[in-house]
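I've got one structure to walk through, so let me put it up.

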Amino acid sequence: MSKKNDTAAHKGAAVAVSSIENEQITRRGFLRAAGALTGGAVLAASSQKLSAAQTADPGHSGHDMSKHGGHSMPATGGYQSMMFMQDHGMQGSRIIEPPGAPSPTEVEYKVFDLDVQIVEHEIVPGVKSHMFAFNGQVPGPEFHVNEGDWIQVNFTNKTEEMHTIHWHGMELPFYMDGVPMVTQDPVHPGDTFVYRFQAKSVGTRWYHCHWSTPLHAGSAMHGAFITHPKGKEPLQKRFPYVRDYVLMLESWDVDFLREEMNSLLAGMKEVNLLQRQGKLDAATHGFFRNYEAFKKAVDSGTYIPPYLQGRSSGVEIKPNFFAINGKSYPATQRLVIKQGEWIRIRFINASGLSHHMHLHGHDFWWVSQDGNELPEPRRLNTIHVEPGGTYDVMVYGDNPGYWTFHDHKTVHVRNNGIYPGGMLTVLAYEDFQSSYQPSISVDQ
């Protein structure tokens with residue numbers, strides 16, 4: 001599963017915040033103070049990369065789960081959010097095992113360790129941005145599993161912010177869906193949350209953070225989850241592809257990332273301190289049993305929503321860098337093909353925008369959407385990849401050369417407004433015999 005094996009110690013992000021350790025802060029006063037925090041703090045995160053996720057032997061988790069107590073669902077006569085917990089707060093490092101899937105004593109799991117850290121990522125030479133990243137990678141590690149496999153992911157939060165993992169397009173137990181305020185308490189700093197489910201949903205799926213999604217998933221907390229079908233894949237009969245590419249499509253506003261991350265980390269330093277001191281309860285933190293409790297707190301003035309005028313930062317997201325697998329052109333990786341060869345390309349749109357991927361010199365066959373095979377493949381040369389969607393195409397090598405493959409919404413083929421750049425790569429024939437070479441050809 002892992003792409004990289006680098007190991008490094010993450011030193012954390014340092015932000016300038018006021019000292020509140022000895023100050024008695026009222027609920028209303030704290031929220032007003034937190035709302036006044038701006039993005040003026042300076043982020044000084046380590047640029048070192050962390051170890052990539054390691055695949056353990058099936059059934060071996062790397063943790064002795066029996067030694068760690070986990071949360072159980074609150075006793076209630078009806079549905080309520082898992083967010084509303086009496087022990088919600090900073091309790092030190094915990095391993096949390098919610099219900100909803102068999103224990104490791106009942107089935108054999110393929111086990112993966114995944115974490116989130118703050119990294120400094122180079123989008124294109126000369127441009128770096130701090131991002132939340134799975135295992136220090138942008139995008140996160142690719143999962144490749146087989147249909148029917150039981151999957152266990154030990155997700156550890158190594159930041160001062162809260163996170164979850166949503167398994168996008170996967171059929172799994174309710175408690176494993178990774179949606180805060182609906183299926184789980186977000187994973188607190190230092191905690192490990194154990195996701196367990198069976199790989200039932202075949203094809204191209206993906207995963208991303210579902211907490212503060214425009215910032216977290218929109219920066220780098222996203223990755224591919226590929227479930228290969230049992231036996232001979234039907235698509236292989238018609239399209240006997242020999243190479244399989246995953247292209248994660250991304251759009252970034254580096255100014256938004258900087259301002260929001262600084263503001264968020266500054267606020268979370270205060271929140272985490274107050275939680276450790278026992279000065280925050282679930283309602284103060286914005287977690288309510290139901291809508292009625294939320295509305296009562298707002299009406300009484302005991303809770304001030306962050307979306308009110310004067311509390312929200314109001315930062316508008318205006319993407320100025322567009323990327324494929326974490327890189328903008330000309331740093332994008334080429335797609336290599338041979339004459340007479342089929343290749344498969346899996347587009348995953350982790351961006352909040354639509355992208356219109358056009359291949360020069362070729363048609364291709366659109367064979368799958370959201371992991372599900374189409375009843376009849378369609379022959380195209382431009383495919384419209386919508387936000388959150390996955391689209392698989394097959395390309396046949398019958399026109400040797402170097403061919404541009406890019407978003408045909410050409411404002412996305414720029415780096416900070418400068419063309420060409422952004423969401424562009426090259427389909428390159430490795431057996432092309434010519435003295436001509438493209439002026440920019442990045443080999444990775």
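I'll go over confidence, then a bit of sheet, then a surface patch.

So, first thing: this is a predicted model. Mean pLDDT for the chain comes out at 80, with 76% of the residues at 70 or more. The stretch to watch is residues 1-82, where pLDDT stays under 50. The model still has 183 contacts for that stretch, counting beyond four places in sequence.

Okay, on to the sheet. Have a look at strand S15, residues 364-369. Which strands does S15 pair with, S16 and S18? Both, and both antiparallel: five bridges tie S15 to S16, which covers residues 372-380, and four bridges tie S15 to S18, residues 390-396.

What stands opposite Ser368 in S16? That's Glu373. Over in S18, Ser368 has Asp392 as its bridge partner. Then there's the turn: the S15 and S16 hairpin leaves two residues between the strands, and Asp370 has a positive phi there, near 50 degrees.

Last stop, the surface. Phe174, Met181 and Val182 make up a nonpolar patch, and together they expose about 250 Å² of accessible area. Where does Phe174 sit? In the loop that runs between strand S6, 166-168, and strand S7, 192-198. And why do I call Phe174 partly exposed? Because its relative accessibility is 39%, and that label covers values between 20% and 50%.

Methods:
Residues are numbered from 1 along each chain as its sequence is written. This is a predicted model: local features need pLDDT of at least 70, side-chain atom pairs count only at pLDDT 80 or more; totals for chains, interfaces and linings use all residues. Side-chain values use heavy atoms; hydrogens and water are left out. Two strands pair if DSSP finds at least two bridges between them. Patches are made of residues with over 30% relative accessible area and no salt bridge: like charges are joined within 9 Å, nonpolar side chains (Val, Leu, Ile, Met, Phe, Trp, Tyr) within 5 Å. Accessible areas come from the Shrake-Rupley method with a 1.4 Å probe; for residues, only the protein chains shown count as cover. A salt bridge is a side-chain nitrogen of Lys or Arg within 4 Å of a carboxyl oxygen of Asp or Glu. Buried means under 20% relative accessible area, exposed over 50%, partly exposed in between (1.4 Å probe, protein chains only). pLDDT is the predictor's confidence in each residue, from 0 to 100. Contact means heavy atoms within 4.5 Å.
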